[in-house]
Each structure stands twice: as structure tokens, then as C-alpha cells.
Amino acid sequence: MEEKELPYTLINVIGGPDGVYEDHTAYLEKHLKLITMNEFLKHKQVFSPKIQAVYVWYYKPVVNKELLQSLPNLKVVVNSGAGVDHLDLKLIFSFGVKVANTPFAVSSPTADLGIALMLASARNIVEGHRIAVSPDTKLFNAAWLGEEVTGATLGIIGMGTIGYKVAQRAKAFDMKILYHNRNRRNRVDEEAVGAVYCPKMEDLLRQSDFVMLVVNLTPQTCKLIGEKELGFMKPTATLINICRGQVIDQDALVKALQNGIIKAAALDVTYPEPLPRDHALLQLKNIIITPHIGSATAQARHLMMRNMLEAILAAINGLPVPNEVHA
């Protein structure tokens with residue numbers, strides 16, 4: 001009996017800073033025929049009719065109109081991570097192609113990082129490390145103090161899967177939890193973490209000691225936090241962003257941090273990434289910036305790969321696509 005051909009799947013590259021991990025490749029190749037962009041472009045006539053899936057890892061390959069037009073039998077685009085703001089969903093859907101992402105694979109590690117950034121900022125962990133290891137340090141200043149998160153008020157903007165996991169973790173610190181979301185969660189969810197819904201984001205901003213951004217990037221959330229919103233926050237408050245850099249007006253954030261409008265910020269995301277080396281945010285002492293590592297654990301990345309593979313196989317076999325993204 002003739003062995004069935006593996007589904008042809010377009011990837012960007014294997015290895016390197018933005019390629020499919022080499023240790024993932026061995027597993028994927030048991031189920032898929034991986035075609036790199038370089039191979040595809042060299043032998044376009046051969047591969048164009050064969051490719052049924054595009055495997056978008058770390059935003060690549062870029063799925064544009066030209067690529068979609070060259071893949072007549074494409075069934076699905078699978079995306080690593082929860083955010084799909086880099087994909088033109090309307091365009092992809094117009095070609096009759098499905099889209100899937102991996103929201104549950106990234107939710108726990110991203111929530112973990114949000115809490116880590118909050119703690120690091122509140123307790124001056126980064127600056128404290130610099131002081132502790134500096135050759136110029138002769139003594140530790142006993143009057144150099146941070147802030148406690150225990151009992152403080154955390155405002156979560158965006159109470160989806162990740163936001164709710166942040167709330168679950170914050171509950172362990174006896175934090176007062178406020179949240180603002182497009183849709184209010186049910187009473188059982190609220191009571192489980194002790195969360196209070198704020199219909200107006202302004203009310204959350206005025207009350208919170210820590211504000212954590214966990215929204216999807218959409219036209220409505222681009223620059224959601226600007227000069228006006230920062231002005232609502234307490235001068236002792238910290239802004240934490242674990243979603244997308246474009247959700248904050250970075251120019252307004254620079255001014256707010258420089259002028260004491262808010263106390264500090266902790267960002268896992270910026271715009272662009274990385275920031276230009278002379279960007280004003282990089283010159284400030286009251287900010288922590290990490291290189292978009294919300295889902296950067298070996299376990300999460302492996303689960304993302306498994307979820308993407310499952311979605312490809314389901315789409316090709318005409319089955320319901322797990323984690324399918326709809327318009």
C-alpha cells in the first residue's frame with residue numbers, strides 16, 4: 001500500500017533568531033512536509049499547488065496577498081501566540097482560508113511574567129541587582145525602599161484568558177482586583193478571584209496602584225493609554241504592559257515618567273521591537289523593559305508547536321480546527 005504524502009507546509013526558516021526551533025523540526029517532520037520560504041521561492045511552480053498550510057512562527061512568513069494568490073490549495077494559516085494583529089484576517093478569509101492561533105499555550109507563562117514585572121518594579125529588583133553587584137557599592141542604604149504588592153489595588157485592563165490568570169495569581173497576594181473589559185465576566189468568575197468590574201476605564205485608572213494591560217491590539221485599543229489616561233493614574237502608580245506595545249502612546253509615557261505623572265512602568269512589549277538604542281524610554285531609571293518574553297519558556301513554545309500542528313492536521317482533514325480565529 002502506497003504511503004500517504006505528508007501535508008506540505010510553508011515555514012519561514014529552520015533555526016536562527018526567528019526560525020522554527022530545530023528541536024521542534026524533528027517532531028513536525030513526522031507529520032508535515034516542511035518547505036522553507038527559500039525553497040518555495042526557488043521552486044514556486046512545484047510547491048505552489050502542494051502547500052496546504054502556512055506555519056507562522058515569530059510573525060514569519062508574512063502572509064500577504066501575493067503569497068495567498070500563489071497558494072491555490074491553502075487551507076489554513078496557523079499562528080504562534082495569541083495575538084493575530086500582524087495578520088490581515090479579512091484578506092485571508094477572503095481566500096477561503098482558516099486561521100488558528102495558540103491562546104491557551106501562552107496564557108499561563110504570560111500571566112506569570114506580568115506578576116514578575118509587577119514585583120520587580122515594586123521591589124526595585126533590577127536596580128537592586130545593579131547596586132548589589134556594582135564595584136562602587138560600599139554599603140546598602142537602609143532608607144532605599146520599595147512598595148508592597150500585598151493589599152495593593154491591581155487594575156487589569158482586558159480580562160480574557162491571560163487577564164483572568166493574572167487575577168488568579170494576584171489573589172494570592174491579597175490584592176484588591178479591579179478590571180475593565182469589553183464584556184463583563186460572569187459573577188462566578190468575579191467571585192472566584194474577588195474581582196470588581198469597572199464599566200469606565202477612568203475609574204479603574206484613578207483607583208489602581210498597579211495597572212496591567214492585557215488587551216488584544218485592535219484599532220480601538222491602539223494608543224488606548226495616552227496622555228489623558230496616564231493623567232488619571234495615581235502619581236504613585238505603576239503601568240505594566242504584557243500585550244502589545246502599540247496599546248500605549250509611548251511619547252506620552254515618556255513624559256509621564258519624566259514628570260512624575262506616574263511612578264514607574266514595566267513593559268514586556270514596545271513599538272518597535274527592539275526600540276532604537278537612542279529611544280527616550282531606554283534612558284529612564286523608573287522603567288523596566290524585557291524583550292517580549294511573555295511566552296518564552298521551553299514548555300510554552302513546545303505546546304504552541306503542538307497546538308499549531310493539531311490545527312493544521314484538523315484543517316487538512318476537514319475536521320473542526322482547534323483555536324480557530326473567527327472574523
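## Aromatic pairs

At 12% relative accessibility, F47 counts as buried (buried means under 20% relative accessible area, exposed over 50%, partly exposed in between, with a 1.4 Å probe and protein chains only). This is a predicted model, where local features need pLDDT of at least 70, side-chain atom pairs count only at pLDDT 80 or more, and totals for chains, interfaces and linings use all residues. Residues are numbered from 1 along each chain as its sequence is written, and side-chain values use heavy atoms, with hydrogens and water left out.

The structure holds five aromatic pairs. Rings of Phe, Tyr and Trp (its six-membered ring) pair if their centres lie within 6.5 Å; planes under 30 degrees apart count as stacked, over 60 as edge-to-face and the rest as tilted. One of the five joins Y8 and F47, a tilted pair at 6.2 Å centre to centre with 40° between the planes. Y8 lies in strand β1 (residues 8–11) and F47 in helix α3 (residues 44–47), so this pair ties together parts that are 39 residues apart in sequence. Helices (H or I, at least four residues) and strands (E, at least two) are DSSP runs, numbered from the N terminus. Y8 is buried too, with a relative accessible area of 9%.

Y55 is buried at 0% relative accessibility, and W57 is buried at 3%. Ring pairs link Y21 with Y55 and W57 into a cluster.

## A charge over a ring

What sits over the ring of Y164? The charged end of R185 does, 4.4 Å from the ring centre (the rule asks for NZ of Lys or CZ of Arg within 6 Å of the ring centre and within 35 degrees of the ring normal).

## The open sheet

Seven strands form an open sheet with parallel pairing, in the order β8-β7-β6-β9-β10-β11-β12. Two strands pair if DSSP finds at least two bridges between them. The edge strands, β8 (195–197) and β12 (287–289), each pair on one side only.

Strand β11 (residues 264–267) pairs with β12 in the parallel sense over three bridges, and A266 stands opposite I288 in β12.

## Cysteines without a bond

How many disulfides does the structure hold? The count is zero, where a disulfide is a pair of cysteine sulfur atoms within 2.5 Å. The sulfur of C222 is 11 Å from the closest cysteine sulfur, in C243, which is too far for a bond. C222 is partly exposed at 39% relative accessibility, whereas C243 is buried at 7%.
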